[in-house]
Every structure is written in structure tokens, then in C-alpha cells.
Amino acid sequence: MKTLVIALGGNALLQRGAVLSAENQYKSIALIADAIGKLAKRFRIAIVHGNGPQVGLLALQNLAYRDVPPYPLDILVGESQGMIGYMLAQQLNARHPSQPVSTLMTRVLVDAQDPDYLKPSKFIGPVYAPEQQKELEAKYGWTMKADGKYIRRVVPSPEPKKILDIAAVNILLARDHIVICNGGGGIPMVAGEQGLVGSEAVIDKDLSAALLAEELAADHLVILTDADAVYQHWGTPQQKAIRSATTRELAPMAVADGAMGPKIMAVSRFVDRTGKVAHIGGLQDIDALLAGQAGTSITG
């Protein structure tokens with residue numbers, strides 16, 4: 001049976017601008033749960049989910065109770081893995097009760113000298129009005145950057161180097177479990193004097209999914225997002241969906257722009273290193289994506 005890695009964006013699980021509620025997340029997950037369950041009859045499936053909105057919410061809740069020092073980001077990433085993984089598992093089992101589903105706490109090795117620690121780039125949490133920037137930076141010590149017409153908090157996002165719990169993923173896949181792993185890109189770990197320690201960062205889930213797919217020797221990598229495809233001339237009257245392209249053709253778009261660029265970087269890395277096919281598209285289109293009838297298919 002072939003192996004499929006599916007990456008679910010944090011904003012695909014919680015629509016941009018929507019209230020960060022459990023109910024809204026369950027509604028978004030319900031749109032994909034049945035389709036993923038059906039695909040499990042044809043593929044071994046590993047699901048990687050984003051956590052940008054969710055880990056930002058946990059960080060805000062973390063700051064609200066001042067009698068306890070705030071928990072570091074690596075622990076909050078672990079919390080988000082349990083929270084979102086539980087919700088995904090609940091929805092999958094509700095529609096496919098006989099399908100085994102496991103949520104795996106997953107640690108991912110990063111480099112403590114990664115340049116993103118000095119220039120944070122990963123958006124987390126809700127969006128704010130631009131005029132709130134100085135107040136938020138002064139109150140919380142955050143770094144804020146523009147995200148469209150809003151601003152959001154940014155944190156370090158070091159590049160993933162190794163999936164530390166890959167053996168457990170392989171064991172569960174071999175037993176035909178849908179495995180929810182690498183949540184939020186994985187819990188970031190760096191090498192310390194006493195061994196591995198957690199790091200204050202949030203790993204990009206698309207790069208982490210690409211690394212997972214490579215380490216699993218997966219046959220397909222699918223990145224599901226709130227856009228239905230990769231577009232030429234996005235945001236202009238000339239915008240046009242790209243249905244298929246090579247990594248070389250997409251190379252000019254593979255930039256760290258905080259939007260589609262990192263997804264193109266991730267799938268291009270997977271395709272170039274493995275010779276397999278990757279797909280980018282909408283949450284509701286996964287069957288059509290794999291058939292090449294929707295979204296964007298990327299080849300070498």
C-alpha cells in the first residue's frame with residue numbers, strides 16, 4: 001500500500017478571521033475527515049497539521065494568569081499537538097469507527113544557530129489592527145509584522161533537520177493507523193550540554209511535512225490550504241490557477257513570503273529529493289487533487 005503525507009494548514013483548520021473556538025475548528029475538520037477516512041482504504045496516511053492560530057491563542061491564555069511564569073513555546077507546541085490531534089481523531093473516528101487513528105507527540109531536531117532565531121518569521125495567533133503594534137510590542141515584548149492588511153506576532157521558525165520519533169510513526173503506519181504527527185511542525189529540539197532540550201520556536205509545518213514524507217519514503221505529499229491552487233499573478237485581474245508545473249517552473253515563487261512561497265519551497269524540496277509527486281490545493285478537493293483534476297500538481 002502506498003504512503004500519503006497530508007499537511008493541513010492551521011488556517012485551513014480555522015478560517016482566517018474566524019473566532020478561535022473549538023466549534024469552528026470542528027466544523028473545518030468535518031469538511032475533510034470523511035474524505036481522509038476513505039483514502040485510508042487505499043493509502044497509509046500520516047497527517048501533519050499547522051498550529052499558528054492555535055499556539056498563538058495558547059500563548060495569550062498562558063499570559064493571562066500571572067501567578068505562574070509563562071510556559072515556553074515548545075511546551076505550547078506540545079499542547080497544540082494534543083489539542084488538534086484529539087479533535088482530528090474524534091472527527092475521523094466519528095465517520096470511520098473501524099479505522100485506527102493515533103496522535104503521536106513528535107519531536108523534531110533543529111539547529112540552535114538557525115538564522116531565524118535572530119529574524120523571526122513565523123506568524124502565530126490572531127490578527128490585530130496595525131495601529132496596535134506599538135502597544136502590543138511594549139506590553140508583551142513581541143515582534144510584530146504585517147500579515148496582509150493586519151499585523152500578527154512572529155516567532156522563530158528554524159528549519160527542521162530530523163524527525164526524532166520517526167520509528168514510532170513507521171510502526172503505527174505498518175499497523176494501518178492513520179497517524180497524526182509532527183503537529184505544528186513538531187516540538188522543536190536543540191542539542192544541549194545535557195542532551196536534547198526544547199526550544200522557543202514554532203517550526204514551519206510544510207517544511208516539516210516534506211521532511212516527514214522524505215523520511216517515510218512517501219509516494220505523495222499533499223499540502224491542503226485555504227487557497228484552491230497555486231496562482232500566477234495572484235491578487236490581480238490576470239490571476240490564473242497553475243494546474244501542473246515542475247519545480248524549476250515554480251522556483252521564482254519559492255520565497256519566504258509567509259503565504260504560498262513556503263509551501264512551494266516545501267513541495268519542491270520533496271519532489272527534487274525523491275522524484276515523487278506533490279500537490280497543493282483546497283481542503284475540500286483532496287480526491288480531485290490526487291487525480292490531478294484540482295489544485296496544483298508539482299513534478300521534477
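**Close-up views of a predicted model**

View 1. Find strand 4 (residues 107-109) and follow its link to strand 8: 2 bridges join them. Strands 4 and 8 run antiparallel. Which residue of strand 8 stands opposite Val-108? It is Ile-163.

View 2. Strand 17 spans residues 296-299. Look for Ser-244, which stands opposite Ser-297 in strand 17. Strand 16 (residues 277-282) is also joined to strand 17 by 3 bridges, but these two run antiparallel. Here Ala-278 has Ile-298 of strand 17 as its bridge partner.

**View 3. The length of helix 3 agrees with its residue count.** Helix 3 holds 13 residues, 52-64. How far apart are its end C-alpha atoms? They are 19 Å apart. At 1.5 Å a residue, the helix should span 18 Å, so the two values agree. Several residues of helix 3 are buried, among them Gly-52, Pro-53, Leu-58 and Asn-62. Gln-54, Val-55, Gly-56 and Ala-59 are buried too.

**View 4. Val-55 is a buried residue of helix 3.** Val-55 lies in helix 3. Is Val-55 buried or exposed? Its relative accessible area is 0%, so Val-55 counts as buried, the cut-off being under 20%. Leaving out residues up to four places away in sequence, Val-55 touches Leu-73, Leu-76, Val-77, Ile-124 and Val-202. Now find Gly-184, which is 129 residues from Val-55 along the chain. The C-alpha atoms of Val-55 and Gly-184 are separated by 8.3 Å.

**View 5. Thr-3 is a buried residue of strand 1.** Thr-3 sits in strand 1 (residues 2-8). Its relative accessibility is 10%, so Thr-3 counts as buried. Which residues does Thr-3 touch, not counting those up to four places away in sequence? They are Arg-44, Leu-173, Ala-218, Asp-219 and His-220.

Definitions and conventions: Residues are numbered from 1 along each chain as its sequence is written. This is a predicted model: local features need pLDDT of at least 70, side-chain atom pairs count only at pLDDT 80 or more; totals for chains, interfaces and linings use all residues. Side-chain values use heavy atoms; hydrogens and water are left out. Helices (H or I, at least four residues) and strands (E, at least two) are DSSP runs, numbered from the N terminus. The expected span of a helix is 1.5 Å times one less than its number of residues. Buried means under 20% relative accessible area, exposed over 50%, partly exposed in between (1.4 Å probe, protein chains only). Two strands pair if DSSP finds at least two bridges between them. Contact means heavy atoms within 4.5 Å.
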